Structures are given as structure tokens and as C-alpha cells.
Amino acid sequence: MRTPVVAGNWKMNTTLADATALARAVVDGVDGITGVTTVVCPPAVSLVPVSMALTGSNVFIGAQDVNPNSQGAHTGELSADMLAGLCTYVIVGHSERRSLYGEDDAITAAKARASLGSGLRPIVCVGESLEVRDTGNAASLVASQVKGSLARISDISQVAIAYEPVWAIGTGRAASPEIAQEMASTIRSAVAALYSDEAANGIPILYGGSVNPDNAVSYAASPDVDGALVGGAALDGVAFARIVDAVAASG
Ligand code: PGA
């Protein structure tokens, strides 16, 4: 039985004060909700105050990115070891990293390996563009992203995968539950082919892209979708808690 994960990706939003207030709102909102792992991923500068605000709660903290190198001359970057004392999760390969910062599957895999090496749980993001979907190649592209983004990772028991179609992120045009299920199933099959059925059945596969409190339940009901990676709606503590509640209720 997989425990669903609902992770909020705050992206480049929230000041220090906003982040602490939002973290407190999430803690209050999800208090008492069981059967789901709740994660917030604030900007790096807010990891410390947010982790303090989460003390004693059932909310985990994640980073939005990590550098694949262990240390050294990488101005402005953070290593997995630096994050390890603070975070449980880290998002790698988000489509914004891929499209805006030129990151590919190989870099994503290197980040995932660095994360695992420091005891962090990577949330590995994959997803096709509208162009790829329209040409009918979404499943094969995403399967190849899964393979490339997990390269040279032998144990995936601490890995989560997020299916985030690029056309659904921040657009209000969420994927239908049918597409989310079909693609999550494609991802699980790809993982099974690379590892084993047991490994594939053990890992959470999240859906991300315009998830909100009203549509969350429809994804949660899909057999291969194990939670959500939430952007815009995660900036509202009440809305985010409603998503967590919806996922918990359908478990
Ligand atoms: P969105 O973002 O919920 O605002 O579409 C999702 C994400 O980028 O993870």
C-alpha cells in the first residue's frame, strides 16, 4: 500500500515573512489529517524559518532544486549535503528547470543521485509538451524521460516521480484524470521494466499541473496516481490543506 504524497512547490514566491505565515497556515490546515504525506517546498532562503515553523507538525519540507556536485566552486548553488540537515525531499527535473535552465535527463539523474547519496528523497519530474502530446508521442517521451532521469540509480525505494505535463502547469488547463492515470500507468510500467514490479508498485507517482481543491479528488481516485505536486494552489494554505484532505479522504 503506497502512502500518497501531496507536495506544494512554492517556486519563486513568498518573502521570508510570507513563507513562515504560509507554513503555519499549512500546519494548522493539515493538523489531524492522516494517510497522506504532506510536503512544502519553499524557496531555499526560507528553508530554515519554514522548518522551524513546521517543528512538531506532520508536514515535511523539501527543496526545489539541488546541485549535483558535492561541494566547491559553484557560486549560488546548494549541495545535497547542505540540504540534508534541513530537508526530507527535493524536487529535481521540474519542467521549469528543464525549459528555462537547459536541464536534461542526465542532469536530473545526477541531481537525483546526489540527493539519494545524502539521504534526501528526490521527487523526479517528467512530462511532455503540448507539441509532443499533439503528435501522439507523450507516452514514449515520458517513458524515455523516466529512464534517463533515473540513470545509474540502483535503488529507487526512496524516489517519487511526478508526472507534470508542461501544458498543464500554471495554465489552469489541468490534465483529465484519464490522462493522468494513463500516464502514471505508463510511468509505472517504465519503472517496472527498468527495475522490477515490486519496485514499481512501491513508488509514489504524483500528478502535477493546475491541481486545485476541486479537481484533486478526481486524481486521487485514479489507481496509479498517488498524490499531487501543487504549484499555484499551494500558495494558499487553506486551498492546499483542502487538497491534502481530498487526497487523504480518497485513500
Ligand atoms: P501549478 O504548478 O499547480 O501552478 O500548475 C505545478 C508545478 O509546477 O509543480
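**A walk around the barrel**

The crossing of helices H7 and H8 is right-handed. A crossing counts as right-handed if the near helix is turned clockwise from the far one by less than a right angle, and left-handed if anticlockwise. The model is a predicted one, in which local features need pLDDT of at least 70, side-chain atom pairs count only at pLDDT 80 or more, and totals for chains, interfaces and linings use all residues. Residues are numbered from 1 along each chain as its sequence is written, and side-chain values use heavy atoms, with hydrogens and water left out.

Stay with this helix pair. H7 covers residues 138-149 and H8 covers residues 177-194. Helices (H or I, at least four residues) and strands (E, at least two) are DSSP runs, numbered from the N terminus. Two packed helices are described by the angle between their axes and the distance between the axes. Here the angle is about 45° and the axes are 9 Å apart. Axes are lines fitted to C-alpha atoms, for helices over the stretch in contact, and angles run from 0 to 180 degrees between N-to-C directions. H7 and H8 are therefore oblique to each other. Angles under 35 degrees count as roughly parallel, over 145 as roughly antiparallel, 65 to 115 as roughly perpendicular and the rest as oblique.

Which residues meet? H7 brings Ala-138, Ala-139, Val-142, Ala-143, Val-146 and Lys-147, and H8 brings Met-183, Thr-186, Ile-187, Ala-190, Val-191 and Leu-194. Contact means heavy atoms within 4.5 Å. By class, this contact has ten nonpolar, one polar and one charged residues. Ala, Val, Leu, Ile, Met, Phe, Trp, Tyr, Cys and Pro count as nonpolar, Asp, Glu, Lys and Arg as charged, and the others, Gly among them, as polar.

The axes of H1 (residues 16-30) and H2 (residues 47-54) come within 9 Å and cross at roughly 25°. H1 and H2 are therefore roughly parallel to each other. Their crossing, too, is right-handed. On H1 the contact is made by Leu-16, Ala-19, Thr-20, Ala-23, Arg-24 and Val-27; on H2, by Pro-49, Val-50, Ala-53 and Leu-54. Eight of these residues are nonpolar, one is polar and one is charged.

Turn to the strands. Eight of them form a closed barrel, S1-S2-S3-S4-S5-S6-S7-S8, with parallel pairing. Two strands pair if DSSP finds at least two bridges between them. Neighbouring strands are turned by 25° against each other on average, direction ignored. S1 (residues 5-9) and S2 (residues 37-41) pair over five bridges. Val-5 has Thr-37 in S2 as its bridge partner. H2 packs on the sheet, touching S2 and S3 (59-63), and its direction makes about 170° with that of S3. H11 (residues 237-249) also packs on the sheet, touching S1, S2 and S8 (227-230), at about 165° to the direction of S1.

Move on to S6 (residues 160-163). S5 (residues 121-126) pairs with S6 over four bridges, and Val-126 stands opposite Tyr-163. Three bridges join S6 to S7 (residues 205-208), where Ile-205 stands opposite Ile-161. In a regular strand the side chains alternate between the two faces of the sheet. In S6 both faces are covered: Ala-160 and Ala-162 on one side, Ile-161 and Tyr-163 on the other, are all buried. Buried means under 20% relative accessible area, exposed over 50%, partly exposed in between (1.4 Å probe, protein chains only).

End at Val-90, in S4 (residues 89-92). Val-90 is buried, with a relative accessible area of 0%. Beyond its neighbours within four places in sequence, its contacts include Ala-63, Ser-115, Leu-120 and Ile-123.
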